[in-house]
Amino acid sequence: MVVRISEERFADVPNFDYEPKYVDVGELRMAYVETGGSGDDGGDEETFLCLHGEPTWSFLYRKMMPILAERGRVVVPDLIGCGRSDRYEDRDAYSVEMHYDALETFVEELDLTNVTLVCQDWGGVLGLPLAVHRPERFARLVPMNTGVPDGTQEMSDRWHEFAEMVATADDLDIGRLVRNGCYRDLSEEVVDAYRAPFPDERYMAAARTFPGLVPTSPDDPGADLMAETQERLGEWEKPAFVLFGREDPITSHDRDPLRHHIPTATEQPDVWIDEAAHFLQEDAGEEIAERIVEFVDRT
C-alpha cells in the first residue's frame with residue numbers, strides 16, 4: 001500500500017520556506033524543493049543535485065542551499081519513503097533497485113544536465129551509480145560521508161548494531177538518530193523537523209529498511225550495481241571533490257580509499273571537514289557549500 005504524508009506535518013519546520021514540488025516516478029510521487037538558477041532551460045546552467053541519506057530529508061541541506069543558489073540551480077529531492085515523498089507501507093517493497101530507478105526517473109523527468117552531484121550517505125550509494133551510468137548528465141561529483149558498498153567491504157560491529165536497532169526497535173526516534181549523528185547539538189525545533197515525516201510506524205518503512213539494503217555479500221541484491229559503479233568510478237575523468245566529516249565514526253575510514261579510487265579526486269585539495277560528524281550538512285553546512293562553490297569555480 002502507498003501512503004502519502006500530510007503537508008500539515010511540515011507546518012512548523014524552521015528555516016525551510018521552499019514550496020514543495022513533485023515528480024511522478026511510477027506509482028509514487030517524489031517530492032523536491034529547488035532554488036536559484038536563471039530559469040533558462042537551455043541545458044548549460046550550473047545545477048546542484050543534493051541527495052540526502054538515512055533517515056533524513058531535503059531539510060538537511062537548508063544551510064547549504066542559499067550559498068549554492070548564488071552559483072546555480074539547486075535541486076533537492078526527498079528519497080522515496082522520506083520527507084514529503086510517497087512511501088510504501090510494506091518494508092518488502094523497498095530495494096536498492098527501487099530507490100535507484102526512482103532517482104533515475106526523477107532526474108530524467110526534470111531533464112537535469114550539467115549536474116554537480118552533492119551526495120551523502122545513501123544519497124551517494126544511489127547517486128554515484130546514477131552519475132557513472134548517466135555521465136552525460138553529470139559534470140562533477142562531491143561525495144560526502146558515503147561509499148559504494150559492493151558486498152566485499154568490511155562493516156563494523158557498530159554499523160551492524162545500528163542496522164539491527166533501526167530494523168527492530170519498538171519505538172524508533174528518527175530525531176534522536178539524527179541528533180546522535182551530529183557533532184554539534186541540535187535544537188528541539190530542528191530535531192522535531194527530522195521527526196516530521198514519520199508520524200507513526202506506517203510511515204517508517206524506508207527508514208527501517210535502508211541499513212538492511214546495504215549489500216554485505218557479493219550475492220546480495222544491489223551488489224552487482226555497486227561493483228559496476230566501483231569499476232566505472234575508477235575510470236571517472238570529470239572533476240571530483242571528496243569531502244568527509246572528520247568526526248564521523250561510520251564512514252570516515254571510507255574517505256581515503258574513495259578519494260584515491262576516483263582518478264580526478266586527488267587533483268582537488270586534501271580536505272577534512274573539522275568538527276563535523278555523519279550529518280556534516282548540519283554541523284558545517286555553510287563551510288561545505290562555500291568549498292563546493294570554489295570547486296565549481298576552479299573546474
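In the predicted model, the side chains of strand β5 are divided between two directions: R73, V75 and P77 point one way, while V74 and V76 point the other way. Every one of these side chains belongs to a buried residue. In a regular strand, side chains alternate between the two faces of the sheet. Strand β5 covers residues 73-77, and because five of its five residues are buried, the strand is largely enclosed by the rest of the structure.

Strand β5 pairs with two strands, β3 and β4. The pairing with β3, which spans residues 28-35, is antiparallel and comprises four bridges. Within β5, P77 lies opposite Y32. The pairing with β4, formed by residues 47-51, is parallel and comprises three bridges. Here R73 of β5 is the bridge partner of T47.

Four helices each supply at least two lining residues: α3 (122-133), α4 (157-168), α5 (174-180) and α9 (255-261). The largest share comes from α4, with five residues. By residue class, the lining of this pocket is made up of 22 nonpolar, 13 polar and 12 charged residues.

The structure contains zero disulfides. A disulfide requires two cysteine sulfur atoms within 2.5 Å. For C82, the closest cysteine sulfur is that of C119, at 15 Å, so the two are too far apart for a bond. For C119, the closest cysteine sulfur belongs to C50, and the separation of 9.6 Å is likewise too far for a bond. Both C82 and C119 are buried, the criterion being a relative accessible area under 20%. The relative accessible area of C82 is 1%, and that of C119 is 0%.

Methods: Residues are numbered from 1 along each chain as its sequence is written. This is a predicted model: local features need pLDDT of at least 70, side-chain atom pairs count only at pLDDT 80 or more; totals for chains, interfaces and linings use all residues. Side-chain values use heavy atoms; hydrogens and water are left out. Buried means under 20% relative accessible area, exposed over 50%, partly exposed in between (1.4 Å probe, protein chains only). Two strands pair if DSSP finds at least two bridges between them. Ala, Val, Leu, Ile, Met, Phe, Trp, Tyr, Cys and Pro count as nonpolar, Asp, Glu, Lys and Arg as charged, and the others, Gly among them, as polar.
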